[in-house]
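Welcome, and thanks for taking a look at this one with me. Below are some notes to read alongside the picture, as numbered points.

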Amino acid sequence: MSENSATIVTGVSLLTVFIAKDDESYMAKCPELDLVTEMDTKEDALRAMVEMIMEYAEDYKSDEGTYLNSPNRAHHKPYIDAISACNDEWEVMELLEVRYAHLYL
């Protein structure tokens, strides 16, 4: 390997984020955590979703007992543990598989 070459290493995606265009806005949805956001651009929608995922993980960890006793939130714990182990926003983004889609109503 030459001194100018680099290796890109990726892990397995843990969470999916779908970004769909809806008229003049973009919706981002993370089905594993039941989170949805809507913004004016696809970049803003993704950024807002990453922030929402991080905030949800903080809330979950701060009141874990309540979330673990919730039938529709208890199964989020492995995701929350992985998100909480991240040191920054970039590491959270490495957990995501971003897919672009159409929204049909």
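Which residues do ring pairs link into a cluster?

1. A word on the model, then the reply. What you have here is a predicted model. The cluster linked by ring pairs is made of Y56, Y60 and Y67. Across the whole structure, a search turns up 3 aromatic pairs. One of them joins Y56 and Y60, and this pair is edge-to-face because the planes of the rings stand at 75 degrees, where over 60 is the cut-off; the ring centres are 6.0 Å apart. Both residues belong to helix α1, and since they are 4 residues apart there, about one helical turn separates them.

2. Now follow Y56 to its other partner. The rings of Y56 and Y67 have centres 5.8 Å apart, with planes at 90 degrees, so this pair is edge-to-face as well. Y56 sits in helix α1 and Y67 in helix α2 (residues 64-68), so the pair ties together parts that are 11 residues apart in sequence. Are these tyrosines buried or exposed? Y56 counts as buried because its relative accessibility is 8%, and the limit is under 20%. Y60 is buried too, with a relative accessible area of 0%, and Y67 is buried at 19%.

3. Next, please have a look at R73. You will find R73 in the loop between α2 and α3. Leaving out residues up to four places away in sequence, R73 touches L33, D34, Y56, Y60 and Y67, and the ring cluster described above consists of Y56, Y60 and Y67. R73 also forms a salt bridge with D34, in which the closest N and O atoms are 3.9 Å apart. D34 lies in the loop between β2 and β3, so the pair ties together parts that are 39 residues apart in sequence. From C-alpha to C-alpha, R73 and D34 are 9.1 Å apart in space. D34 is partly exposed, with a relative accessible area of 43%.

4. Apart from neighbours within four places in sequence, L33 is in contact with L15, I53, Y56, R73, H76, Y79, I80 and I83. L33 is also one of the residues with the most contacts inside the largest nonpolar core, a list that includes V17, C30, I53 and I83.

5. How many residues does that largest nonpolar core have? The count is 23. Four elements, β1 (15-22), β2 (25-30), α1 (42-62) and α3 (77-84), each supply at least two of the core residues. Helix α1 gives the most, with 8 residues.

6. Strand β3 (residues 35-39) holds T37. T37 counts as buried because its relative accessibility is 11%, and buried means under 20%. Which residues does T37 touch, not counting those up to four places away in sequence? They are Y26, M27, A28, A45, A48, M49 and M52.

7. Back to the charged side chains, where the count comes to 8 salt bridges. One of them joins K77 and E64, with N and O 3.5 Å apart. K77 lies in helix α3 and E64 in helix α2, so the pair ties together parts that are 13 residues apart in sequence. K77 counts as partly exposed at 24% relative accessibility, and E64 is partly exposed at 22%. K77 and E64 are also part of a network of salt bridges that links them with K61 and D81.

Technical notes
Residues are numbered from 1 along each chain as its sequence is written. This is a predicted model: local features need pLDDT of at least 70, side-chain atom pairs count only at pLDDT 80 or more; totals for chains, interfaces and linings use all residues. Side-chain values use heavy atoms; hydrogens and water are left out. A nonpolar core is a set of buried Ala, Val, Leu, Ile, Met, Phe, Trp, Tyr and Cys residues joined through side-chain atoms within 4.5 Å. Buried means under 20% relative accessible area, exposed over 50%, partly exposed in between (1.4 Å probe, protein chains only). Contact means heavy atoms within 4.5 Å. Rings of Phe, Tyr and Trp (its six-membered ring) pair if their centres lie within 6.5 Å; planes under 30 degrees apart count as stacked, over 60 as edge-to-face and the rest as tilted. A salt bridge is a side-chain nitrogen of Lys or Arg within 4 Å of a carboxyl oxygen of Asp or Glu.
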